[in-house]
Amino acid sequence: MAYNLKEVIAEKPSRFTAGHRMCAGCGAPAVARMVLRALKPEDHAVIANATGCMEVSSFIYPYTAWTDSYIHTAFECAGATCSGVEAAYKSLKRQGKLPEDKETKFIAFGGDGGTYDIGLQSLSGAMERGHDMVYVCYDNGAYMNTGIQRSSATPRFADTTTSPAGSVIPGKMQSRKDLSEIMVSHHIPYVAQSIAVNNFKDLYEKAEKAIYTKGPAFLNVLAPCPRGWGYPTDMLMEINKLAVETCYWPLYEVVDGKYKITYKPAKKLPIEEFLKPQKRFKHMFKPGNEWMIEEFQQEVDKRWQDLLDLEAMTNKEN
Amino acid sequence: MIDKNTPAKDLTIGGNIYEAGNAREFKTGDWRSIRPVYISEKCKQCGLCFPVCPDDAIPVGKDQLRKDFNYDYCKGCGVCAKVCPFGAIEMKTEGED
């Protein structure tokens with residue numbers, strides 16, 4: 001069935017409610033909500049959530065913003081927790097202790113800190129063991145919850161509290177880890193990189209595929225943070241759009257090892273467009289710092305070209 | 001609802017909460033300093049605004065049409081006003097007409 005945004009929103013009630021305490025203009029709630037909307041209404045979900053912004057602000061006792069079963073787990077174990085519950089569910093189902101006709105889906109949410117850094121081992125383990133689950137990383141590019149410390153998802157040159165740009169260092173000194181690629185290397189059935197743009201078609205369809213693909217799936221979604229990135233709260237959707245149009249955050253999916261780039265900008269915008277509105281990159285626009293923008297652009301170009309090559313290579317006939 | 005004023009004898013066993021999605025009872029509308037105003041005559045029901053709301057404060061009916069804002073939750077981030085191509089959402093300072 002073709003995607004129809006209005007139908008999806010009208011027919012599928014939100015499974016991530018209002019009344020959560022994420023910041024005004026945060027990019028993550030809309031992502032979580034749309035991912036959960038990809039569930040069939042009759043299916044139940046078990047959600048494991050690593051510590052992070054989303055956890056501390058959606059589950060403040062005695063309130064919960066989740067309408068499905070929800071487990072808060074420590075920073076490093078969303079993957080392990082989710083896979084454990086999935087294994088228990090499979091066992092109970094086999095023993096006939098759960099109704100045959102009811103389906104439960106397993107979804108883990110983690111920020112980039114809980115996924116790229118601290119939770120990487122448990123995520124890797126869960127994926128390798130082949131559990132029927134989806135891990136969704138909402139990547140806001142730093143430890144925003146604790147005060148904007150750099151993570152391995154933070155792009156090079158970004159100004160954070162632990163990589164302050166000044167006369168000694170030019171912001172973060174290392175390049176961003178490419179987690180989606182690491183997950184592809186696990187040779188799991190489904191890996192995708194997405195973002196919330198336009199009518200959310202890309203995100204919804206990838207979430208649906210991830211949830212209803214048997215076996216482990218991984219979804220990496222960029223979720224801008226107005227506070228940490230330093231842009232006005234109302235710019236959320238523009239920032240998302242620029243991330244895609246500059247190829248900073250390419251949209252693609254890898255199904256059984258085959259790459260498919262789901263959106264190729266007709267005209268790739270220069271990376272300045274994405275960097276300019278963000279305060280964390282402000283120092284890059286100072287006179288004498290042009291080399292930073294140049295190197296940033298080179299890195300983006302290289303990764304985009306690699307992706308194009310991978311797509312061509314994995315889709316070759318024979 | 002359990003809060004800091006709940007007497008101990010009224011607590012559930014283990015302080016458990018039995019209701020999923022009860023964050024709805026926590027109103028975040030008082031965070032707002034600017035307020036989106038919906039101008040329904042200009043609205044073409046294009047559907048760009050309601051999925052972007054981080055706070056689910058733009059209700060959509062079964063008729064697939066958006067309704068006026070739910071100010072109980074709107075935090076006034078302004079994302080909806082910025083994505084509206086028809087100028088059907090205006091941001092106004094809270095307390096001013």
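The paragraphs below walk through selected features of chains A and B in this predicted model.

Of the 97 residues in chain B, 33% count as buried. When contacts between residues at least 6 apart in sequence are considered, 66% of those in chain B join residues at least 24 apart.

The two chains also meet each other. On the chain B side, 34 residues are in contact with 34 residues of chain A. The chain B residues that touch chain A divide by class into 18 nonpolar, 8 polar and 8 charged.

Helix 4 (residues 78-94) and helix 6 (residues 120-128) of chain A have axes that come within 6 Å and cross at roughly 30°. Angles under 35 degrees count as roughly parallel, and helix 4 and helix 6 of chain A are therefore roughly parallel to each other. From helix 4 of chain A, the residues taking part are A78(A), G79(A), A80(A), C82(A) and S83(A), which meet S122(A), L123(A), G125(A) and A126(A) of helix 6 of chain A. By class, this contact between the two helices has 5 nonpolar, 4 polar and no charged residues.

Two further helices of chain A can be described by their span and their buried residues. Helix 8 of chain A (residues 201-212) has 12 residues and reaches 16 Å from its first C-alpha to its last, close to the 16 Å expected at 1.5 Å a residue. Buried in helix 8 of chain A are D202(A), L203(A), Y204(A), K206(A), A207(A), A210(A) and I211(A). Helix 12 of chain A (residues 290-314) has 25 residues and reaches 36 Å between its first and last C-alpha, close to the 36 Å expected at 1.5 Å a residue. In helix 12 of chain A, the residues M292(A), F296(A), V300(A) and L307(A) are buried. An α-helix has 3.6 residues a turn, so residues three or four places apart point the same way. The buried residues of helix 12 of chain A pack against strand 7 (252-255) and strand 8 (258-261) of chain A.

Finally, two individual residues are worth a visit. M54(A) sits in helix 3 (residues 53-58) of chain A. With 28 other C-beta atoms within 10 Å, M54(A) is buried. Setting aside neighbours within four places in sequence, M54(A) is in contact with A28(A), A32(A), N49(A), F109(A), G111(A) and Y138(A). One of these, G111(A), is 57 residues from M54(A) along the chain, yet their C-alpha atoms are separated by 7.7 Å.

L36(A) belongs to helix 2 (residues 28-37) of chain A. This residue is buried too, because 23 other C-beta atoms lie within 10 Å and 20 or more are needed. Beyond neighbours within four places in sequence, L36(A) is in contact with R15(A), F16(A) and A45(A). The C-alpha atoms of L36(A) and T81(A), 45 residues apart along the chain, are separated by 19 Å.

Definitions and conventions: Residues numbered from 1 in each chain as written. Chains lettered and ligands numbered in written order. Predicted model: local features only at pLDDT ≥ 70, side-chain atom pairs only at ≥ 80, totals over all residues. Helix = DSSP H or I, 4+ residues; strand = E, 2+ residues; numbered from the N terminus. Expected span 1.5 Å × (residues − 1). Buried ≥ 20, exposed ≤ 12 C-beta atoms within 10 Å, placed from the backbone. Contact = placed C-beta atoms within 7 Å. Nonpolar A, V, L, I, M, F, W, Y, C, P; charged D, E, K, R; others polar. Axes fitted to C-alpha atoms, helices over the stretch in contact; angles between N-to-C directions. Parallel < 35°, antiparallel > 145°, perpendicular 65-115°, else oblique.
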